[in-house]
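Subject: Structure handover

Hello,

My notes follow below it.

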Amino acid sequence: MTNDPTTLPAHGDPVLRVDNLVKEFPIQAGLFRRQVGLVQAVSGVSLDIHEHETLGVVGESGCGKTTLGRTILRLLEATSGSVTYKGESVSGAPNSRMRELRRHMQIVFQDPFASLNPRMAVRDIIAEPLRIHGESRAVASARANELIDAVGLLSDYGNRYPHEFSGGQRQRIGIARALALQPTLIILDEPVSALDVSVQAQVVNLLEDLQNEFKLSYMFIAHDLSVVRHISDRVAVMYLGKVVEVADRDSIYDRPSHPYTQSLLSAVPVADPNAERNRRRIVLEGDLPSPAAVPSGCRFRTRCPIAAERCSYEEPEMQTLADGHEVACHFPLSPGESLIEVAAARGR
Amino acid sequence: MTEPVISFDDLSVSFPTDDGMVRAVRNVSFDVEPGEVMAVVGESGSGKSVTALAAMRLHPGSTEITGEVRFGGRDLLGIGEKEMRRVRGNGIAMIFQDPMTALNPVMKVGAQIAEMVLTHDDVSKKEAWTRAADLLESVGVPEPGRRVKQYPHEFSGGMRQRAMIAMAIANGPDLLIADEPTTALDVTIQAQVLEVMKTAQEATGAAILLITHDLGVVAGIADRVVVMYGGRVFESGSADQVFYRSQNPYTRGLMSSIPRLDAPKGERLIPIPGTPPNVLNPPSGCAFGPRCAFASDGCHEAHAELMSVGFDGTHRSRCHKLAELPDLFAAAETR
């Protein structure tokens with residue numbers, strides 16, 4: 001089973017280490033595209049992903065989760081910070097070495113309609129990375145056929161074109177292409193969000209099977225917390241460019257320490273009318289602040305029901321709690337403590 | 001028994017396309033009672049949105065439409081455009097997925113709401129603006145007095161959704177049709193908007209026809225549920241009947257394929273094999289037949305009728321194997 005913790009290495013170097021990664025985008029305006037500001041989409045993120053592990057990354061739109069994935073693979077160049085793959089610096093790798101490293105680190109995109117070349121047959125789409133990396137046409141084609149089979153498509157689909165396929169089938173094609181170079185790490189950016197509910201489960205199961213078969217590590221980026229809980233071993237929660245909490249999947253869902261994690265979880269609708277009737281939902285006030293004008297101190301404080309004065313001038317450092325949660329909050333919730341009650345006790 | 005707010009009676013909708021006729025909705029019948037939340041659930045191509053758009057008569061001219069949509073004692077499909085315009089907004093109001101499709105980007109938000117008020121009520125312009133601010137306040141827009149003078153682009157996504165709800169309830173409609181109202185929103189904003197919809201409904205007494213693919217949203221807000229697949233109603237009943245005592249293989253399959261937040265560690269999802277039917281070339285017989293674990297030869301020959309489950313007629317399901325389903329479900333559980 002994918003999620004059996006005994007299969008995870010307790011020690012050893014991580015496959016991927018992200019250290020204090022920052023990605024800024026300039027805000028340009030006017031005729032001469034003068035820079036008038038900066039957006040920090042990713043703002044000092046540090047994470048590890050171990051062998052055969054799935055790290056879920058969740059957050060709402062604008063939290064920087066997609067930019068994080070792309071910056072790790074250097075599809076976007078980082079502003080600062082470092083990414084290491086099995087001890088080797090990805091950030092400093094020259095282009096020739098980077099091409100080699102990309103064999104090991106692949107990405108699957110959200111939109112299965114935009115990420116496949118409509119003019120290429122499916123077999124050629126899957127074989128393309130192999131051809132780029134110098135395999136002969138025959139070898140690449142044979143490998144593509146194996147992959148078509150591995151992702152559960154019929155073998156004669158290789159001659160067809162993307163428009164002939166449904167969303168779920170296209171996502172399988174995208175996954176097959178990502179697997180072509182036998183990577184160890186795949187960044188999955190919202191891989192099932194565009195799919196119908198009944199088809200999502202097929203792709204989630206496929207990803208789990210492939211992970212076991214090829215000993216893959218996943219970074220699973222998504223906004224759907226139920227899917228993330230299902231597939232992940234550990235979960236990182238992001239808010240406005242920062243990781244606010246990281247913990248094991250059960251632990252973070254059962255005992256969320258950060259007020260944002262608890263609010264996010266309480267907002268997820270559950271397909272169970274009785275559970276919905278009995279639940280106390282934390283409805284956060286207001287909207288996500290603009291990433292171009294982040295609040296001082298703790299970025300969540302403008303919506304946090306228990307924010308204190310300290311939160312407005314001092315940015316919380318990431319700390320490790322007794323139960324193993326890493327959390328960036330001045331007033332983390334203890335296990336079993338409810339944000340609603342804590343807020344009520346403080347008269348809010 | 002009170003009169004339903006709206007009755008769909010044997011509604012069928014077809015569109016001509018370059019590739020042939022698409023029969024998007026087939027013989028759909030259901031009622032929405034006053035003050036209730038009725039959810040129509042389905043995946044892409046199920047016909048759920050087309051059903052709702054037919055009620056508002058918001059479909060292209062080339063559409064072939066049969067059956068009746070009864071509202072306020074008349075068939076909406078048979079009345080003139082002028083009369084229909086009076087129904088829209090006053091009798092039935094719509095909440096869309098993307099608020100920017102409903103809001104005019106070059107008009108102040110207050111002016112748009114005031115315009116709605118003025119078409120219905122004979123009040124002064126000043127009075128209409130005051131009402132606009134009150135409406136914004138009632139849907140939880142802070143500083144309504146300042147916000148009425150802003151343009152839609154100055155509102156965030158969640159606030160725009162609120163402004164659209166304010167517009168929709170401006171004339172106290174009997175029915176609100178909400179087409180995927182929270183799909184484009186983040187979960188924390190989605191929770192706010194659902195709360196606002198509930199509050200607005202309690203304040204106005206309007207019934208809500210909610211079109212969505214999200215079973216979580218349905219569980220949180222719906223009194224009754226219609227499950228659609230391949231253009232047909234596959235199951236209908238109270239939320240409890242459909243969620244806890246479903247008598248339909250498709251509904252069951254849908255429920256077991258969604259990951260649950262409270263699922264035990266390591267539990268594997270049970271997907272429905274295959275893909276939703278091709279609307280241009282639907283399977284013969286039961287639309288779900290090719291994906292159904294319980295289908296036999298007869299299922300591929302003709303589609304089943306929607307039949308009552310139980311005795312009070314509140315729970316209905318479309319399946320050839322209705323009588324055997326309890327045993328089939330039980331056998332599948334133990335496998």
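Which residue in E4(A) is the bridge partner of Val18(A)? The bridge partner is Val83(A). Strands are DSSP runs of E with at least two residues, helices are DSSP runs of H or I with at least four residues, and both are numbered from the N terminus.

First, the ground rules. This is a predicted model, where local features need pLDDT of at least 70, side-chain atom pairs count only at pLDDT 80 or more, and totals for chains, interfaces and linings use all residues. Residues are numbered from 1 along each chain as its sequence is written, chains are lettered from A and ligands numbered from 1 in the order in which they are written, and side-chain values use heavy atoms, with hydrogens and water left out.

**Chain A strands**

Strand E1 (residues 16-29) of chain A pairs with E2(A) in the antiparallel sense, over 12 bridges. Two strands count as paired if DSSP finds at least two bridges between them. Leu21(A) has Val45(A) as its bridge partner in E2(A).

E4(A) in turn pairs antiparallel with strand E5 (residues 88-89) of chain A, over 2 bridges. Thr84(A) and Ser89(A) are bridge partners in that pairing. E4(A) and E5(A) form a hairpin with 2 residues between them, and Lys86(A) in the turn has a positive phi of about 45°.

**Salt bridges**

The count over all chains is 28 salt bridges. The rule is a side-chain nitrogen of Lys or Arg within 4 Å of a carboxyl oxygen of Asp or Glu. One of them joins Arg234(A) and Glu53(A), at 2.8 Å from N to O. That pair links distant parts of the chain, 181 residues apart. Arg234(A) lies in strand E9 (residues 234-239) of chain A, and Glu53(A) in the loop between strand E2 (34-49) and strand E3 (54-58) of chain A.

**The A/B interface**

Chain A brings 44 residues to the contact and chain B brings 43 residues (contact: heavy atoms within 4.5 Å). Together the chains bury about 3,800 Å², 56% of it on carbon and sulfur atoms. Buried area here is the accessible area (1.4 Å probe) that two parts lose on being put together, summed over both.

There are 4 salt bridges between chain A and chain B. Among them, Arg277(A) meets Asp240(B) at 2.9 Å, N to O. Which helices of chain A each supply at least two residues of the side that touches chain B? They are helix H6 (197-214), helix H7 (225-231), helix H8 (249-254), helix H9 (259-267) and helix H10 (273-278). H6(A) gives the most, with 9 residues. The side of chain A that touches chain B divides into 20 nonpolar, 10 polar and 14 charged residues. Ala, Val, Leu, Ile, Met, Phe, Trp, Tyr, Cys and Pro count as nonpolar, Asp, Glu, Lys and Arg as charged, and the others, Gly among them, as polar.

**Chain B sheets**

One open sheet of chain B has 8 strands, in the order E6-E7-E8-E3-E9-E10-E12-E11, with mixed pairing. Strand E6 (92-95) and strand E11 (306-309) of chain B are at the edges with a single partner strand each, so one side of each has no neighbour in the sheet. The twist averages 20° from one strand to the next. Angles run from 0 to 180 degrees between N-to-C directions, on axes fitted to C-alpha atoms, for helices over the stretch in contact.

Strand E9 (residues 224-229) and strand E10 (residues 232-238) of chain B pair antiparallel over 6 bridges. Arg224(B) has Ser238(B) as its bridge partner in E10(B). Helix H10 (residues 249-257) of chain B lies across E9 and E10 of chain B, at about 100° to E9(B). Helix H7 (residues 187-204) of chain B lies across strand E3 (37-41), E6, strand E7 (175-179) and strand E8 (207-212) of chain B, at about 155° to E8(B).

A further open sheet of chain B has 4 strands in the order E2-E1-E4-E5, with antiparallel pairing.

Best regards
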